[in-house]
Amino acid sequence: MITGRGRYVDDLVLSGMLYMAVVRSTEAHAKIVSIDTEGAKTATGVHGVFTSEDLDLEAPLPMVWIPPGVEVKTPETWPLAKGVVKYVGQPVAVVVGADKYGVVDAAEQVVVEYDPLTVVVDPEEALKDGSPLVHEEFGTNQTHEWTIGGGDMDAAWADADVVMERRIVNHRVAGAPIEPRACVADFRAGALTLHLTSQNPHLIRLFMSGEFGISEDKIRIIAPDVGGGFGVKIMHYPEEVIAAWASRKLNRPVKWTETRSENLTSTIHGRDQIDYVKVGAKRDGTITGLECTAICDLGAYYTLLTPFIPCFTGFVISGCYKIPNLKYTARGVFTNKMATDATRGAGRPEATHLIEVMVEQLAAELGMDSLELRRKNFIPKEDFPAEVAIGVVYDSGDYHGSLDKLLTHVDVDAFRREQEELRGRGIYRGIGFSTWMEICGLAPSRVVGPSGVGLQAGFYESSIVRIHASGAVTAYTGTAPHGQGHDTAFAQIVADRVGATPDQVDVMHGDTGTGPFGLGTYGSRALAVGGESLAQSALKVADKAKRIAAHLLEAAPEDVELSDGKYSVKGSPDKGMTLAEVAGAAYVPENLPEGMEPGLEETTFYDPTNFTWPFGAHACIVDVDAETGKVDVVRYVSVDDCGPAINPMLIDGQIHGGVVHGIGQALYERIHYDEDGQLVTGTFVDYALPSAADVPSFETDRTETPSPVNSLGVKGVGEAGTIAASAAITNAVIDALRPLGVTYIDMPLSPQRIWSAINEAGPVVGDVPHDPGKQGGEWNGHGSGSAGSGPTAPSEGGGA
Amino acid sequence: MARVSMTVNGVQYDQDVEPRLLLVHFLRDTLGLTGTHVGCDTSNCGACTVHLDGDAVKSCTVLAVQADGSEVTTIEGIGSEGDLHPLQEAFWKNHGLQCGYCTPGMIMAGADLLAKNAAPSEEEVREALAGNLCRCTGYHNIVKAVLDAAETTKGVPA
């Protein structure tokens with residue numbers, strides 16, 4: 001990649017390849033009256049123009065959550081619109097032709113006549129009686145209601161001395177990997193090879209087998225180098241299905257590459273919960289209960305996991321705290337927008353944000369130091385494995401320890417003195433904390449499967465460790481990395497266990513043709529589940545190698561050890577066999593133990609017994625310009641615990657990237673639809689990703705608390721930074737602006753929002769607290785309040 | 001059609017192109033130099049950064065015909081396996097890339113910076129890279145890599 005020789009999907013050129021362009025809906029909700037394809041069909045180089053009437057598929061696009069006992073209204077979703085469109089960007093027709101620019105010209109010749117219907121954009125308005133409906137057939141815009149809880153909420157409020165309520169918006173964002181989605185479909189002679197920007201090729205293969213009515217072994221999905229995923233490349237999208245269908249129809253390979261505009265309208269969005277949070281505590285800071293009702297704006301059609309994502313918020317609603325009474329309710333809502341689904345953190349950033357912001361709101365209300373409040377309520381180290389009130393069991397943790405470590409880097413007393421001094425000079429500096437935990441290492445199949453949580457899948461991970469005749473090593477993994485450096489970490493894990501060096505281990509992934517069914521890379525699972533699977537395959541290989549060596553060295557297998565790269569008799573390290581020598585004996589098997597098969601390779605399907613639960617403590621210092629509302633992130637310190645650090649450089653890389661992703665949501669990024677359902681933030685001009693000039697360098701440290709769930713003790717870290725950061729930033733900005741009467745502000749903390757909050761707050765009179773409702777924070781219990789689809793001011797874009 | 005003539009990574013090309021053909025597509029599709037990437041459609045992301053007559057440009061916002069008679073250098077042209085440019089070496093050593101998609105653009109932007117400012121401060125590096133977006137690394141190690149390369153090439157004539 002550093003020499004420009006990466007192989008991304010759009011780099012691929014196949015002989016005879018055609019290009020596909022998609023005609024997309026410009027209406028958020030409309031009947032399709034007619035589609036005139038004549039002009040496009042006769043344009044130069046065009047081989048075909050197709051609508052839903054042409055596509056003969058055996059199955060619609062999948063959504064895999066069917067929770068027992070919970071009704072989830074699930075619209076049937078086909079790749080091309082059938083008679084109606086329900087979001088701007090929805091695919092309506094495709095043009096396939098010989099020239100990349102020509103198909104775009106031809107697509108503009110397709111004339112679609114729409115008969116507009118009423119658009120639904122505000123999820124809270126959508127839930128009211130009499131609201132226009134996104135899907136008439138359901139009679140409601142509510143998709144489902146899902147609850148998790150434990151204890152007794154009435155007792156919680158009765159026991160509390162203080163009860164606080166806030167309406168906290170976790171707004172819609174885009175995953176926005178720098179590489180847009182792309183595919184090259186080659187469906188000739190009855191077999192499909194699909195090159196795809198996918199985080200999980202095997203799953204895609206399974207779905208397409210159903211859609212095309214052909215067996216899985218006739219389909220090969222290859223994810224070559226993938227330029228970032230962040231969750232959005234997990235799902236199974238219309239375009240790859242259509243490209244495959246067109247390839248079969250035209251008997252030519254077909255390439256489709258997304259433009260960034262298409263990526264922002266038609267690749268999944270993330271988050272979009274309005275969280276009505278209520279927390280109760282005693283005067284001394286002991287939290288008696290936390291309740292949250294989340295209004296979840298899911299869009300018009302689901303993708304793979306859409307309505308399930310808020311469940312993750314529920315699974316971690318206790319945070320790092322021992323809260324005896326808990327309840328989280330997700331109410332999903334249909335709107336005329338693109339689907340939301342898993343984006344980095346998938347429901348857990350939402351939880352950490354609401355919990356950690358509320359903790360600091362509560363501390364301010366009680367007149368208590370927020371770190372002291374946290375300590376008082378942290379689950380103590382001795383309590384692990386810890387079952388929390390909602391019934392989930394955290395594997396291991398040391399929340400006091402990670403906070404202690406954070407504070408060795410941040411002198412809060414010194415900061416407070418500095419803060420006061422700077423304030424005297426008109427500089428508003430603030431500090432915010434976020435003590436986070438999360439649930440990852442997806443996933444124990446018996447917990448999440450069809451009879452449990454309701455996912456129609458298992459989440460084990462496959463691996464093969466193959467020693468070749470020459471002693472070379474290939475490790476196959478069912479995970480599908482896209483920048484995490486799995487090759488490095490996996491090579492280390494396998495090499496250590498079989499007696500090779502990491503550079504002797506070739507890691508293969510991303511191709512359904514080369515390894516067994518695997519579940520892919522997302523949910524911070526690759527090391528905890530994929531790595532463990534490889535460790536087990538490697539140990540099986542080592543075990544067989546020991547038995548071969550024992551046989552040839554005329555010793556008992558239990559007397560043979562792997563030491564210093566040799567299989568040798570304990571105590572006689574100089575008389576050992578290298579892996580290559582053992583492999584030679586295995587592949588030229590004239591002298592193997594009785595009953596042993598030749599060859600030296602082992603397979604494992606590893607299903608974890610639990611999720612893993614990483615945790616940590618972050619601190620963020622910001623300067624806020626009270627005149628312009630601009631926020632400068634001055635310092636960001638993190639202490640993160642993902643178990644033993646197999647490769648510290650890779651871990652730091654994930655933290656850096658994750659934190660900036662969270663800073664992006666907190667300060668700059670927002671997906672915004674106007675009242676006509678038009679996407680206003682449709683390019684990188686309006687959807688503002690942070691640049692290098694917008695963020696500082698980071699100070700990262702670690703604690704290492706092993707997980708009992710896998711032999712490596714590892715927990716996963718890919719999403720941690722994103723899970724923690726938005727609360728740290730928000731708390732820091734509020735801390736900076738409290739002297740100006742600001743007590744709460746919703747994200748994104750754009751200059752306009754901050755300026756408005758300061759100016760609406762007015763001058764502080766004594767210590768009378770200001771109405772948080774004016775700053776977007778009040779809950780009156782009935783779900784009304786400022787517009788759910790965006791901030792109060794219409795002209796706000798995505799930031800500076 | 002228009003005729004363009006340009007040198008890319010030291011190789012002379014003469015091609016007929018549509019006047020509207022973007023330089024990035026000329027490089028990727030016509031010449032097969034796929035190291036330069038497309039990440040957006042509004043000139044924000046910088047994944048398409050190349051050097052045109054010695055200056056960094058976003059090749060998605062340059063027409064191939066505008067590069068007629070010019071010298072273009074892409075990521076493939078500044079170094080290769082076994083003979084890496086100091087920036088390529090530094091990105092590798094400092095874990096300055098994860099998915100690698102923004103990397104060619106980052107390296108070309110970084111090379112342009114170092115050619116004009118051989119000893120930049122961290123702030124200067126961050127400002128210079130403000131036109132190149134990365135979603136994976138959080139920029140921390142990218143900045144480290146550029147500063148490392150600057151250190152390595154200190155005193156060495158460009």
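This is a predicted model: local features need pLDDT of at least 70, side-chain atom pairs count only at pLDDT 80 or more; totals for chains, interfaces and linings use all residues.
On the side of α2(B), the contact is formed by P86(B), L87(B), A90(B), F91(B) and K93(B). These residues meet A145(B), D148(B), A149(B), T152(B) and T153(B) of α5(B). Classified by residue type, the contact of α2(B) with α5(B) comprises 6 nonpolar, 2 polar and 2 charged residues.

Helix α2(B) also packs with α3 (residues 103-116) of chain B, the axes coming within 10 Å and crossing at roughly 130°. The pair α2(B) and α3(B) is therefore likewise described as oblique, and the crossing is right-handed. From α2(B), the residues L87(B), Q88(B) and F91(B) take part, while α3(B) supplies T103(B), I107(B), G110(B) and A111(B). The contact of α2(B) with α3(B) contains 4 nonpolar and 3 polar residues, and no charged residues.

The C-alpha trace of chain B spans about 45 × 30 × 25 Å along its principal axes.

Chain B is assigned a domain 1 (2-77) and a domain 2 (86-153), with C-alpha centres 21 Å apart. Between these domains of chain B, 15 residues of domain 1 are in contact with 11 residues of domain 2. On the domain 1 side, β3 (49-52) and β4 (55-58) of chain B are the elements that give two or more residues. The most is given by β3(B), with 3 residues. This side of domain 1 of chain B is made up of 6 nonpolar, 8 polar and 1 charged residues.

In chain A, the assignment gives domain 1 (9-117 + 180-226 + 233-266), domain 2 (269-442 + 610-775) and domain 3 (460-606). The C-alpha centres of domain 2 and domain 3 of chain A lie 41 Å apart. Their contact takes 19 residues from domain 2 of chain A and 15 residues from domain 3 of chain A. The side of domain 2 of chain A that touches domain 3 of chain A has 9 nonpolar, 8 polar and 2 charged residues.

Between the chains, 41 residues of chain A are in contact with 45 residues of chain B. The elements of chain A giving two or more residues to this contact are α2 (100-107), α7 (260-266) and α17 (648-668). The most is given by α17(A), with 6 residues. By class, the side of chain A that touches chain B consists of 19 nonpolar, 16 polar and 6 charged residues.

Definitions and conventions: Residues are numbered from 1 along each chain as its sequence is written. Chains are lettered from A and ligands numbered from 1 in the order in which they are written. Two residues are in contact if their C-beta atoms, placed from the backbone, lie within 7 Å. Helices (H or I, at least four residues) and strands (E, at least two) are DSSP runs, numbered from the N terminus. Ala, Val, Leu, Ile, Met, Phe, Trp, Tyr, Cys and Pro count as nonpolar, Asp, Glu, Lys and Arg as charged, and the others, Gly among them, as polar. Domain bounds come from an automatic or database domain assignment. Axes are lines fitted to C-alpha atoms, for helices over the stretch in contact, and angles run from 0 to 180 degrees between N-to-C directions. Angles under 35 degrees count as roughly parallel, over 145 as roughly antiparallel, 65 to 115 as roughly perpendicular and the rest as oblique. A crossing is left-handed if the near helix is turned anticlockwise from the far one by less than a right angle, and right-handed if clockwise.
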